[in-house]
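Here is a short briefing on strand pairing and backbone geometry. Please look over the sequence and the structure before reading on.

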Amino acid sequence: MSHIIIQGGGRLEGTLNVQGAKNSVLPILAATILHPGRTVLRGCPHLSDVEASIRILRHLGCTADWEGEELAVDASSISRWDIPDHLMREMRSSVVFLGAILARLGWAEMSYPGGCELGPRPIDLHLSSLRQLGADLREEGGCLRCTAQHMSGREIALSLPSVGATENAMLAACGAEGETVLVNAAREPEITDLQEFLRAMGCRVRGAGSSTICIQGRQPTHDAAYTVMPDRIAAATYLSAAAAAGGEVELRRVHHRHLSTVTAALHASGCQVSGGEGQIVLRSDGRLRSAGTIRTAPYPGFPTDAQAVLMAALLRAKGATVFVENIFENRYRHVDELCRMGADISVADRVAVVTGVRELYGAQVRCTDLRGGAALMVAGLAAQGTTRIGDIFHIQRGYEDPVGDLRQLGADITLEETP
Ligand code: UD1
């Protein structure tokens with residue numbers, strides 16, 4: 001079992017290029033199978049979730065090979081339409097392959113993705129969108145069997161702007177006859193990135209970034225090379241780390257507009273934050289104050305994925321900060337671990353109240369989920385003494401090289417690898 005060891009209390013200084021976005025690259029990898037040819041993804045992060053997607057692509061009959069920082073996928077010949085249970089279990093978001101496999105082949109089979117560490121994660125909106133396009137979906141014994149020999153575009157209104165359901169519907173609509181109009185679509189930047197990738201392959205998609213997306217199906221596709229957008233949650237993590245530890249960091253390869261609610265909260269807590277073309281600079285003296293009330297919401301609201309890392313940054317802030325988690329039911333599992341480090345946090349249902357403490361102390365903690373794990377790194381950097389973080393496979397799902405990145409910013413952090 002590998003661990004991350006942090007000697008806290010030092011400031012962070014320096015410049016960092018932000019990795020490509022996990023939540024963009026996963027649907028984009030699913031989208032590669034729409035094109036019976038070759039696509040090259042630049043800036044593709046080396047993550048365990050990306051490796052899980054590669055295993056799915058290879059299982060389906062595609063080739064997927066790293067060429068340095070680029071990932072080349074060739075989906076010329078696809079020999080299977082099923083995703084076996086063990087591959088589905090590796091990554092819940094593999095359900096986004098469903099729309100793409102249906103669009104390309106007209107049938108698909110996969111096990112039903114269960115709940116996850118964030119609580120129940122239903123896929124009713126994914127399935128209802130595909131059904132509205134004409135897919136026949138049967139759920140038998142935890143297995144989804146889908147046929148869609150002929151899908152037709154139409155207007156689909158999502159009852160809530162689910163990111164995954166929007167992506168699945170966009171991918172399936174590429175294989176439907178005529179125009180699909182998605183209403184109340186998610187507006188996250190990763191949806192726009194998926195649209196831009198689809199356009200690079202020749203698909204006709206417009207409107208992403210707004211709540212109405214139009215897809216013209218059955219368009220011929222062609223080979224494409226595409227650069228994945230920067231990861232706004234990795235950026236939020238490193239900004240939170242610098243805010244908590246104190247110091248001055250410059251993040252490059254980042255879109256500051258994607259992070260405006262996060263930087264507004266950091267500014268409200270006393271950090272100086274400035275953003276320019278492709279960069280953000282944050283200065284903090286490490287003595288923060290409450291950021292007031294933070295309510296997570298669909299984009300452009302405060303991202304649920306940044307809730308844990310911002311909470312970790314504010315553990316020593318003067319006053320109390322209130323977090324209201326509106327997206328997922330069970331997203332405070334990191335709280336108990338943070339309390340082991342001396343944090344004062346009380347949770348009631350969807351509300352967490354963080355009362356700033358004078359000091360945090362290094363402790364033995366373990367990751368409960370991806371962003372909760374990142375929060376432990378942020379807290380460890382601001383704590384006195386040594387923090388030893390276990391179950392770091394959660395962190396490795398979404399951060400390419402967190403230890404290398406934080407070392408580059410001057411952190412005393414090491415990876416203790418145990419075979
Ligand atoms: C994506 C992100 C995840 C992020 C989340 C919200 C990826 C790989 N993951 O997850 O990091 O935290 O967006 O920004 O991009 N819901 C339903 N029925 C559905 C689908 C969703 O009720 O069919 C509910 C969910 O339970 C949740 C809410 O909608 O409460 C939002 O979920 P959704 O936007 O779908 O998140 P994901 O796409 O799973």
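This is a predicted model.

**Strands around S7**
- Strand S6 (residues 82-83) runs parallel to strand S7 (residues 107-111), with 2 bridges between them.
- Asp82 sits opposite Glu109 in S7.
- S7 also pairs with strand S9 (residues 143-147), in the antiparallel sense and over 5 bridges.
- Met110 has Leu144 in S9 as its bridge partner.

**Strands around S17**
- Strand S17 (residues 279-284) pairs with strand S15 (residues 247-252) over 6 bridges, in the antiparallel sense.
- S17 is also antiparallel to strand S16 (residues 272-276), over 5 bridges.
- Val281 in S17 is the bridge partner of Glu250 and also of Ser274.
- S16 and S17 make a hairpin with 2 residues between them. Gly278, in the turn, has a positive phi of about 70°.

**Backbone angles**
- Most residues other than glycine have a negative phi, and most peptide bonds are trans.
- Arg218 is not a glycine, yet its phi is positive, near 55°. Arg218 lies in the loop between strand S13 (212-216) and strand S14 (224-227). Its relative accessibility is 42%, so Arg218 counts as partly exposed.
- Asp391, also not a glycine, has a positive phi of about 55°. Asp391 lies in the loop between strand S23 (386-390) and helix H13 (393-396). Its relative accessibility is 17%, so Asp391 counts as buried; the cut-off for buried is under 20%.
- Tyr299 and Pro300 are joined by a cis peptide bond, with omega about 15°. Pro300 is in the loop between strand S18 (293-295) and helix H10 (307-313).

Notes: Residues numbered from 1 in each chain as written. Predicted model: local features only at pLDDT ≥ 70, side-chain atom pairs only at ≥ 80, totals over all residues. Heavy atoms only, no water. Pairing = 2+ DSSP bridges. Helix = DSSP H or I, 4+ residues; strand = E, 2+ residues; numbered from the N terminus. Buried < 20%, exposed > 50% of the residue type's maximum accessible area, 1.4 Å probe, protein only.
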